[in-house]
Amino acid sequence: MSVKKVYMETFGCQMNVSDSERIATLLEAKGFQMTVAEAEADVILLNTCSVREKAEHKLYTRIGQIRKSSADNLNNFPDSKKPVIGILGCVAQLEGETLFKRDQGIDFVLGTRAVGRVSEAIDNVFDGQKNLIDLGEREFGYDWMVADSHRQFPFVAFVPIIEGCNKFCTYCIVPFSRGREKSLVASDIIRHVLKLRREGIREVHLIGQNVNSYRPPSDSGLENFAGATAFSRLLRAVAATGIERIKFTTSFPRDFHTDIVTAIDANENLCNWVHLPVQSGSNNVLRAMRRGHTIENYLSRVDKIKASSRNISLTTDIIVGFPNETEQDFLETIKLVEYCQFTSAYIFKYSPRPGTPAFEMPDNVSAKEKSVRFLVLEKVVKNNQQKVFQNFLNKIFKVLVEKVSNKNTTQLSGHTTCQTVVNFEGSKELLGKIVNVEILEAKANTLYGKIC
Ligand code: 5AD
Ligand code: SF4
């Protein structure tokens, strides 16, 4: 029997990208072959996102396109077969059975914690099982490792440390799609990072919906590391592996304690970047979002971060147009952005998600007003970014050379330790190296410089 080819598309967050890396690793270990050519695939997998309505729509559009192109293929090549279509990830978890009713072309549905059983699912569909669905928990001994060839970035590795979310912010679907918080054992994480280091990985990103809510089932791996919270102890333990650069995302403001900053101060390889989503600059809106932090708490954390000896860059997420957000609330968000000097901020228009508490609130900021607030805030964020970038000019930054620039093939591209993109002239032999770059110019979201 010929080897079955699998084509996979990934939507959404870093966790989905990381899941897809592991899915590809597992499928190849089971004898499947991953392909980037959709037309030659025996199996098409869509790893989906449901955080905003737009992301979910994209999925249904994609399924329609896939069905059409496979029908065209069947017309042109009558011997060919319709590919098996599997829906994975957050939409799969939330919609379950209803996906089969929504689209006849779907063969199987695997929830967010069932992805370790993807090869069995595919085999069962080829054996004739119809409408296969698995929304179960992770199997015992689930393998979190990723093969080198399936890493999205060859020198950067994502290492999940916690999955799920217990916070239930009123707008957010994640606690429903990803389940409750579950932390991995620190000794397993350390073993994982040591293996990556041996394999030549220069930078790891410890990932999770809320990394600093890390609460492992045991102390294993943390015994030799002090700190007020398990997360700061984990940071110190990962730093002690000697891997060159460690980043972590996302942090939850309420659980962001000073011991994290102290750990960064004490360990050069803990990078100087914190992603701390504020969501709004108004206490009224934060209360309605049930974020568990006030602006005053948030700013005191920001002040502690800014007081670090390491010049830590701050990034954030902001939602505009949450139910009942007034012009005054929005102005407070602008004020906050100006104070915090974020290096960048991801702005989202509020999107009501069925099943969340905010879905029951009136979506009473008009689409037009949401767009206006989005554009106004975007401008403020850009201006602030330029202010931050002005301080970077003529300074030297250590950049991990990750790829040839998409826009200009004579240029290389990488990130600073503070997670800003830097482009510069250089040859491909430098890929995977950490080089010193003097910053000469700052454009939107990107710095330009020369190697020195
Ligand atoms: N509408 C708009 N943005 C949302 N986010 C999460 N849920 C929603 C929603 N319903 C944003 C938050 C979060 C980021 C990953 O997505 O800002 O931090
Ligand atoms: Fe969603 Fe809030 Fe959990 Fe972040 S902390 S994933 S916004 S519920």
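Arg102 lies over the face of Tyr60, 3.6 Å from the ring centre. Lys167 is placed likewise over the face of Phe252, at 5.0 Å from the ring centre. A charge sits over a ring if NZ of Lys or CZ of Arg is within 6 Å of the ring centre and within 35 degrees of the ring normal. The model is predicted: local features need pLDDT of at least 70, side-chain atom pairs count only at pLDDT 80 or more, and totals for chains, interfaces and linings use all residues. Residues are numbered from 1 along each chain as its sequence is written, chains are lettered from A and ligands numbered from 1 in the order in which they are written, and side-chain values use heavy atoms, with hydrogens and water left out.

Lys167 and Phe252 also belong to the shell around ligand 2. A shell residue has a heavy atom within 4 Å of the molecule. Cys165, Phe168, Cys169, Tyr171, Cys172, Val174, Pro175, Gln209, Asn210 and Arg291 are the other members. By class, the shell holds 8 nonpolar, 2 polar and 2 charged residues. Here Ala, Val, Leu, Ile, Met, Phe, Trp, Tyr, Cys and Pro count as nonpolar, Asp, Glu, Lys and Arg as charged, and the others, Gly among them, as polar.

The model has 8 aromatic pairs. Rings of Phe, Tyr and Trp (its six-membered ring) pair if their centres lie within 6.5 Å; planes over 60 degrees apart count as edge-to-face. Tyr142 and Trp144 have ring centres 4.9 Å apart and planes at 80 degrees, so this pair is edge-to-face. Phe176 is partly exposed at 36%. Tyr171, Phe322 and Tyr350 are linked into a cluster by ring pairs. Tyr171 is also one of the residues around ligand 2.

The count comes to 1 cavity of 30 Å³ or more. On a 1 Å grid over the protein atoms alone, a cavity is a set of points where a 1.4 Å probe fits but cannot get out; lining residues have an atom within 4 Å of a point. The largest cavity holds about 40 Å³ of space. Its lining consists of Glu21, Val146, Arg151, Ala157, Phe158, His192 and Leu196. Strand S7 (156-160) and helix H7 (186-198) each give two or more residues to this lining. The lining comprises 4 nonpolar, 1 polar and 2 charged residues.

Conventions. On a 1 Å grid over the protein atoms alone, a cavity is a set of points where a 1.4 Å probe fits but cannot get out, and a pocket is an open set with protein on both sides within 12 Å along at least five of seven lines; lining residues have an atom within 4 Å of a point. Grid points are joined across faces, edges and corners, and a volume is the space filled by probe spheres set on the points. Helices (H or I, at least four residues) and strands (E, at least two) are DSSP runs, numbered from the N terminus. Rings of Phe, Tyr and Trp (its six-membered ring) pair if their centres lie within 6.5 Å; planes under 30 degrees apart count as stacked, over 60 as edge-to-face and the rest as tilted. Buried means under 20% relative accessible area, exposed over 50%, partly exposed in between (1.4 Å probe, protein chains only).
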